[in-house]
Amino acid sequence: MTRMMLSRPVVAALLAAALFGASTPFAKQLVGQTSPFLLAGLLYLGSGVGLTLIRIVRDRSLQLPSMPAGEWWWWLAAVIFGGVLGPLLLMVGLAATTAATASMLLNLEAVLTAVLAWVVFKENADRRIVAGMVLIVAGGVLLSWSNASGGTDRWIGPAAIAGACLCWAIDNNLTRKVSAQDALFLAGSKGAVAGIINTTLGLAIGAAVPSWTQAAPAMLIGLLGYGVSLVLFVLALRGLGTARTGAYFSTAPFIGAAIAILCFGEHASTLFWLAAALMGAGVWLHLTERHEHEHTHEAMFHAHRHVHDEHHQHEHDFDWDGTEPHAHPHQHAPLTHTHLHFPDIHHRHGHP
């Protein structure tokens, strides 16, 4: 019988999707109280400020992580695409597109994320993973279609939303490059940049400064649905690779719709249950994946939290008290072996 691969990264990806999906129906309750730009800014600010405070409590400082020079460029590009260009294009698109069309187009993010991971970044994909991705995305499209209404949109709106999805797909793949680094820093800095830019834009176009009773709920939703969710997403990227993480995360619309039905009394259509079945089948295909073959680890030098498993057999050039997991720069010697694995930070190898 096929064994379920319910590993920590899988749980992190599903929890990230749950938090992000839950944020949508709760944030919807705030729509109308302030402008879309300002609301987006408050959501991202909640993420940036909240995660930064958590870092201060954890580290008792705000020191920058010691990333290799090359990884800073990956991180900067990810922030520009995911924290600046993506939200801006989304706001432009939402202003000229119906909600139903926007919801359907947002499913492009998972597809574009996977295509970039497989084609550009050469991440492994077998037929089971591709089939699971197709089912999950089909479920997302059906879920959006169930709320569809008539209307014709100008091309600029859909094009802008598709552009936002492409920006986030690029962001997801670039973030994978630095996913071994501190997830709190990666998520918090992106939230702070996006929050400052969107809040500034909202105020610049005439939005009123929100009261504390308006700002606090939005920032709390942002901390959980954008901040903690992104931290978990980075941890999932570290252990699963981009395409698989994107597939699990694309279940977020279903989770959001389920919460809207259970908590806010919205109607569950036949298409909703069909979408749930498709997504469930896609997730099952991913959970029951068994990827195992002989592979070679090339020599590698990097830093991340780890325990001394078969991939981390190294000496320490400092006084170590035996505590695990711990983080420090370490060298990986070449190693050839066979075991079940995902395309995580230690298994980014080619396949014949």
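Mentor: The structure holds 7 aromatic pairs, where rings of Phe, Tyr and Trp (its six-membered ring) pair if their centres lie within 6.5 Å. This is a predicted model, in which local features need pLDDT of at least 70, side-chain atom pairs count only at pLDDT 80 or more, and totals for chains, interfaces and linings use all residues. Residues are numbered from 1 along each chain as its sequence is written, and side-chain values use heavy atoms, with hydrogens and water left out.

Trainee: What kind of aromatic pair do F20 and F249 form?
Mentor: The ring centres of F20 and F249 are 5.4 Å apart, with 35° between the planes. Planes under 30 degrees apart count as stacked, over 60 as edge-to-face and the rest as tilted. The pair of F20 and F249 is therefore tilted.

Trainee: How many residues apart are F20 and F249?
Mentor: F20 belongs to helix α1 (residues 8–28) and F249 to helix α10; helices are DSSP runs (H or I, at least four residues), numbered from the N terminus. The pair links distant parts of the chain, and the separation is 229 residues.

Trainee: How are α1 and α9 oriented to each other?
Mentor: Their axes come within 8 Å and cross at roughly 155°; axes are lines fitted to C-alpha atoms, for helices over the stretch in contact, and angles run from 0 to 180 degrees between N-to-C directions. Angles under 35 degrees count as roughly parallel, over 145 as roughly antiparallel, 65 to 115 as roughly perpendicular and the rest as oblique. Therefore α1 and α9 are roughly antiparallel.

Trainee: How many charged residues has the contact of α1 with α9?
Mentor: Contact means heavy atoms within 4.5 Å, and the residues that meet include L19 and F20 in α1 and L232 and F233 in α9. Asp, Glu, Lys and Arg count as charged, Ala, Val, Leu, Ile, Met, Phe, Trp, Tyr, Cys and Pro as nonpolar, and the others, Gly among them, as polar. The contact has 19 nonpolar and 4 polar residues, and the number of charged ones is none.

Trainee: How are α9 and α10 oriented to each other?
Mentor: The axes of α9 (residues 212–240) and α10 (residues 242–249) come within 8 Å and cross at roughly 140°. The two helices are therefore oblique.
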